Amino acid sequence: MSRAVSIRSQLKKYMQRFGLPLQSCEGDAKRLRECLVSGYWRNGARWMADGTYRSVRGNVVLHVHPHSVLFTRKPRSGWVLFHEMEETKKTQIRILTEIEPDWLLKYGHSFRDKRTGPNDS
């Protein structure tokens with residue numbers, strides 16, 4: 001919790017420094033989660049039936065870190081956003097937030113094949 005307080009304080013200072021309005025989401029966690037998706041969409045991952053996740057970038061197999069709240073639970077939507085990735089014998093993700101899959105597209109991010117250019121359809 002102290003980490004959350006510290007991050008909030010840092011963000012508030014940045015907002016003030018750049019003259020941005022301070023607005024609260026007033027307890028609406030959905031707005032906060034959507035905001036996270038707009039900046040971290042590349043860290044999205046989809047739950048698989050074997051209990052692992054697959055990243056939206058590269059379809060990498062990811063395992064939830066044992067200390068995560070979601071270690072033994074499947075997210076309702078089947079999708080998460082992760083903040084940290086740790087590579088040991090397997091690739092583990094931590095600091096997870098459940099997201100809705102349509103949010104990934106809502107913010108204009110598409111997952112195109114790298115072989116196609118920006119003007120290709």
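The legends below describe close-up views of a predicted model.

**View 1. The largest pocket and the residues around its centre.**
The largest pocket has a volume of about 1,500 Å³, and of the 28 residues that line this pocket, Ile7, Arg8, Leu11, Leu32 and Leu36 are the closest to its centre. At least two lining residues come from each of α1 (2–17), α2 (29–40), β4 (79–87) and β5 (91–98), with α1 giving the most, namely 9 residues. Sorted by class, the lining comprises 15 nonpolar, 7 polar and 6 charged residues.

**View 2. The largest nonpolar core and a second, separate core.**
Ala45, Tyr53, Leu62, Val64, Leu70, Val80, Phe82, Ile93 and Leu96 make up the largest nonpolar core, which has 9 residues, and β3 (61–64), β4 and β5 each supply at least two residues of this core. A second, separate core has 8 residues, among them Val37, Trp41, Trp79 and Ile99.

**View 3. The surroundings of leucine 62.**
When neighbours within four places in sequence are left aside, leucine 62 is in contact with Ala45, Thr52, Tyr53, Ser55, Phe82, Met85, Thr91 and Ile93. Of these partners, Ala45, Tyr53, Phe82 and Ile93 also belong to the largest nonpolar core, as does Leu62.

**View 4. Arginine 54 in strand β2.**
Arginine 54 lies in strand β2, which covers residues 53–55, and counts as buried because its relative accessible area of 16% falls under the 20% cut-off. The side chain of arginine 54 makes a polar contact of 2.5 Å with the side chain of threonine 52. Apart from neighbours within four places in sequence, arginine 54 is in contact with Gly44, Ala45, Arg46, Met48, Asn59, Val60 and Val61.

Conventions. Residues are numbered from 1 along each chain as its sequence is written. This is a predicted model: local features need pLDDT of at least 70, side-chain atom pairs count only at pLDDT 80 or more; totals for chains, interfaces and linings use all residues. Side-chain values use heavy atoms; hydrogens and water are left out. On a 1 Å grid over the protein atoms alone, a cavity is a set of points where a 1.4 Å probe fits but cannot get out, and a pocket is an open set with protein on both sides within 12 Å along at least five of seven lines; lining residues have an atom within 4 Å of a point. Grid points are joined across faces, edges and corners, and a volume is the space filled by probe spheres set on the points. Helices (H or I, at least four residues) and strands (E, at least two) are DSSP runs, numbered from the N terminus. Ala, Val, Leu, Ile, Met, Phe, Trp, Tyr, Cys and Pro count as nonpolar, Asp, Glu, Lys and Arg as charged, and the others, Gly among them, as polar. A nonpolar core is a set of buried Ala, Val, Leu, Ile, Met, Phe, Trp, Tyr and Cys residues joined through side-chain atoms within 4.5 Å. Buried means under 20% relative accessible area, exposed over 50%, partly exposed in between (1.4 Å probe, protein chains only). Contact means heavy atoms within 4.5 Å. A polar contact is a pair of N or O atoms within 3.5 Å; within protein, one must be able to donate a hydrogen and the other to accept it, and residues adjacent in sequence count only if both atoms are side-chain atoms.
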